[in-house]
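Hi there,

Here is the structure I promised to pass on to you. Please have a look at it first, and then read my notes below.

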Amino acid sequence: GLPPPRSRKQRRREAAQQPLHISDVGAMQAAASLLCGTHDFAAFQSSGGDQRSTTRTVYRCVVEPRCGELVGGSGEAEVAYDVVVEGDGFLYRMVRIIAGTLLMVGMGFAPAETVLTALAADAGSDGGRCGGGGGGGHCPKTEMRMRGIVGPVLPPEGLCLEHIEYDREHSSVSGARRREL
């Protein structure tokens with residue numbers, strides 16, 4: 001007979017383990033560096049977040065090769081990468097959306113400047129100008145994901161909160177740190 005059907009959760013786990021073809025790690029790293037600083041990250045928040053303010057400070061956002069880990073089922077070795085984000089706090093699914101956006105950039109589906117578009121988006125109504133081709137239009141941050149301007153929410157598999165620090169000033173190598181692929 002037929003094998004038993006797999007649940008949605010099982011299919012998602014299997015998909016998360018499949019290696020993705022990242023063609024431009026340099027573009028991912030450039031896009032990641034654009035996220036550093038204090039910005040309104042509303043475009044990188046999934047619906048359901050209840051934070052009063054969407055302004056956050058990202059101290060560090062980098063794409064790093066995962067030490068000693070190679071992936072790839074095609075016979076070719078490919079390096080696995082981690083997206084490391086350090087900040088003063090995160091919105092609902094913010095790190096997963098940042099990682100999804102960086103993945104879009106690395107796979108060639110969007111330019112690195114996509115993050116600047118998301119960070120500069122208008123918080124109000126778009127007046128019908130959102131995503132209208134030649135740029136110059138403004139898009140409410142709440143519509144950025146729906147219109148494919150920022151990346152998808154990556155699945156939680158691979159997300160790891162490494163540590164949290166309280167009552168300490170941030171330096172370039174410390175702070176709340178999340179790792180995600």
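To start with, how many helices and how many strands are there in the chain? The chain has four helices and five strands, and please keep in mind that this is a predicted model. Read from the N terminus, the elements follow the order α-α-β-β-β-α-α-β-β. The chain has 181 residues, of which 36% count as buried. Of the contacts with a separation of 6 or more, 62% are between residues 24 or more positions apart.

Is α3 enclosed or open to the outside? Buried residues make up 13 of the 13 in α3, so this helix is largely enclosed by the rest of the structure.

On the α2 side the residues involved are A27, M28, A31 and A32, while α3 brings L102, L103, V105 and G106. Seven of the residues in this contact are nonpolar and one is polar, with no charged ones.

The largest nonpolar core has 33 residues, and F44 and L102 are the ones that touch the most other members. Two or more residues of this core come from each of α2, β2 (55–71), β3 (78–87), α3 and α4 (114–120). The largest share, nine residues, is given by α3. As background, nonpolar side chains tend to be buried together in soluble globular proteins.

What does L102 touch, leaving aside neighbours within four places in sequence? L102 is in contact with M28, A31 and A32, and also with C61, V63 and V83. Of these, M28, A31 and A32 belong to the α2 side of the helix contact described above.

Finally, two backbone details are worth a look on either side of α3. In the loop between β3 and α3 you will find R93, a residue other than glycine with a positive phi, near 65°. Most residues other than glycine have a negative phi. R93 is partly exposed, at a relative accessible area of 32%. Just after α3 comes G108, where phi is positive as well, at about 85°.

Conventions
Residues are numbered from 1 along each chain as its sequence is written. This is a predicted model: local features need pLDDT of at least 70, side-chain atom pairs count only at pLDDT 80 or more; totals for chains, interfaces and linings use all residues. Side-chain values use heavy atoms; hydrogens and water are left out. Contact means heavy atoms within 4.5 Å. Ala, Val, Leu, Ile, Met, Phe, Trp, Tyr, Cys and Pro count as nonpolar, Asp, Glu, Lys and Arg as charged, and the others, Gly among them, as polar. A nonpolar core is a set of buried Ala, Val, Leu, Ile, Met, Phe, Trp, Tyr and Cys residues joined through side-chain atoms within 4.5 Å. Buried means under 20% relative accessible area, exposed over 50%, partly exposed in between (1.4 Å probe, protein chains only).
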